[in-house]
Amino acid sequence: LPDGTQPQALYAAPSADNRLDMFDTGRTLQNDLSFSGGDENSTYFISVQNVDIKGVIPGDKSSRTGARFNGSRKFGKLNTSYNFNYIYNNRNTTPDGPWYNTYNQPANLDLTKLRDWKDPNSAANPLNFYTDATAAKNPFFLMDNNRNESELQTLNGKIELDYAFTP
């Protein structure tokens with residue numbers, strides 16, 4: 001380390017897998033609501049959905065909200081149908097680097113000491129880490145710096161017109 005100290009750890013496997021402490025409990029919350037109806041000449045269907053996900057890797061989260069409207073109507077020999085769909089998706093997640101690098105660490109390494117990677121005097125800092133750039137990396141550094149963020153809106157629809165020319 002910059003101050004001249006040498007980090008040390010007992011060379012023995014711990015009694016419990018301390019790597020599990022790095023992960024959070026994930027959760028998915030989904031709400032759906034729909035209505036449908038019609039008569040002998042028409043149908044309709046309306047639905048909305050919201051999904052909120054908190055991942056097992058700290059900081060991972062995503063959400064999706066969607067709405068759908070479709071139906072049909074008969075006008076004599078003309079049959080019509082329509083479908084419209086809208087989805088809003090927002091995501092902030094990590095790729096598999098933290099998973100891989102967590103379980104690529106020695107079992108006796110106390111992962112809680114790797115959280116303070118921003119401190120220039122910490123053994124968790126990338127400049128002081130015990131491996132070079134091609135080996136195992138600090139999973140907390142990866143969680144904070146290697147993110148996949150996206151915001152996507154999708155709108156699609158379809159209209160069909162069918163006419164029966166023959167009786």
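**Salt bridges, rings and surface**

Mentor: Let us start with lysine 54, which has a relative accessible area of 32% and is partly exposed. Please bear in mind throughout that this is a predicted model.

Trainee: Which residue does the side chain of lysine 54 meet in a salt bridge?

Mentor: The N to O distance in this salt bridge is 3.8 Å, and the cut-off for a salt bridge is 4 Å.

Trainee: How many residues apart are arginine 147 and aspartate 60?

Mentor: Arginine 147 lies in the loop between helix H2 (139-145) and S5, and aspartate 60 in the loop between S2 and S3. The pair thus links distant parts of the chain, and the separation is 87 residues.

Trainee: Is aspartate 60 buried or exposed?

Mentor: The relative accessible area of aspartate 60 is 10%. The cut-off for buried is under 20%. Because its value is 10%, aspartate 60 is buried.

Trainee: Which residues are linked into a cluster by ring pairs?

Mentor: The structure holds five aromatic pairs. One of them joins phenylalanine 23 and tyrosine 103, with 6.2 Å from centre to centre and 10° between the planes, and is stacked. Phenylalanine 23 lies in the segment before S1 and tyrosine 103 in helix H1 (residues 97-103), so this pair ties together parts 80 residues apart in sequence. The cluster linked by ring pairs consists of Phe23, Trp99 and Tyr103.

Trainee: Is phenylalanine 23 buried or exposed?

Mentor: Tyrosine 103, its partner in the stacked pair, counts as partly exposed at 37% relative accessibility. For phenylalanine 23 the relative accessibility is 15%, and the cut-off for buried is under 20%. Phenylalanine 23 therefore counts as buried.

Trainee: Which element gives the largest share of the nonpolar patch?

Mentor: This surface patch of about 870 Å² is made by Leu33, Phe35, Tyr44, Ile46, Val48, Phe69, Phe84, Ile159 and Leu161. Two or more residues come from each of strand S1 (27-38), strand S2 (42-54) and strand S5 (148-163). The largest share is three residues, and the element that gives it is S2.

Trainee: Is leucine 161 buried or exposed?

Mentor: Leucine 161 is placed in strand S5 and is one of the residues that make the nonpolar patch. Its relative accessibility is 59%, and the cut-off for exposed is over 50%. Leucine 161 therefore counts as exposed.

Trainee: What distance does the polar contact between the side chains of asparagine 70 and arginine 68 have?

Mentor: Asparagine 70 is found in strand S3 (residues 61-75) and is buried, with a relative accessible area of 17%. Not counting residues up to four places away in sequence, asparagine 70 touches Thr43, Tyr44, Phe45, Tyr82 and Asn83. The polar contact that joins its side chain to that of arginine 68 has a distance of 3.1 Å.

Trainee: Which residue's backbone oxygen does the side chain of asparagine 128 reach?

Mentor: Asparagine 128 lies in the loop between H1 and H2. Its contacts, leaving aside neighbours within four places in sequence, are Leu1, Pro2, Pro120, Asn121, Ser122 and Ala123. At 3.0 Å, the side chain of asparagine 128 reaches the backbone oxygen of serine 122.

Note on methods. Residues are numbered from 1 along each chain as its sequence is written. This is a predicted model: local features need pLDDT of at least 70, side-chain atom pairs count only at pLDDT 80 or more; totals for chains, interfaces and linings use all residues. Side-chain values use heavy atoms; hydrogens and water are left out. Patches are made of residues with over 30% relative accessible area and no salt bridge: like charges are joined within 9 Å, nonpolar side chains (Val, Leu, Ile, Met, Phe, Trp, Tyr) within 5 Å. Accessible areas come from the Shrake-Rupley method with a 1.4 Å probe; for residues, only the protein chains shown count as cover. Helices (H or I, at least four residues) and strands (E, at least two) are DSSP runs, numbered from the N terminus. Buried means under 20% relative accessible area, exposed over 50%, partly exposed in between (1.4 Å probe, protein chains only). A polar contact is a pair of N or O atoms within 3.5 Å; within protein, one must be able to donate a hydrogen and the other to accept it, and residues adjacent in sequence count only if both atoms are side-chain atoms. Contact means heavy atoms within 4.5 Å. Rings of Phe, Tyr and Trp (its six-membered ring) pair if their centres lie within 6.5 Å; planes under 30 degrees apart count as stacked, over 60 as edge-to-face and the rest as tilted.
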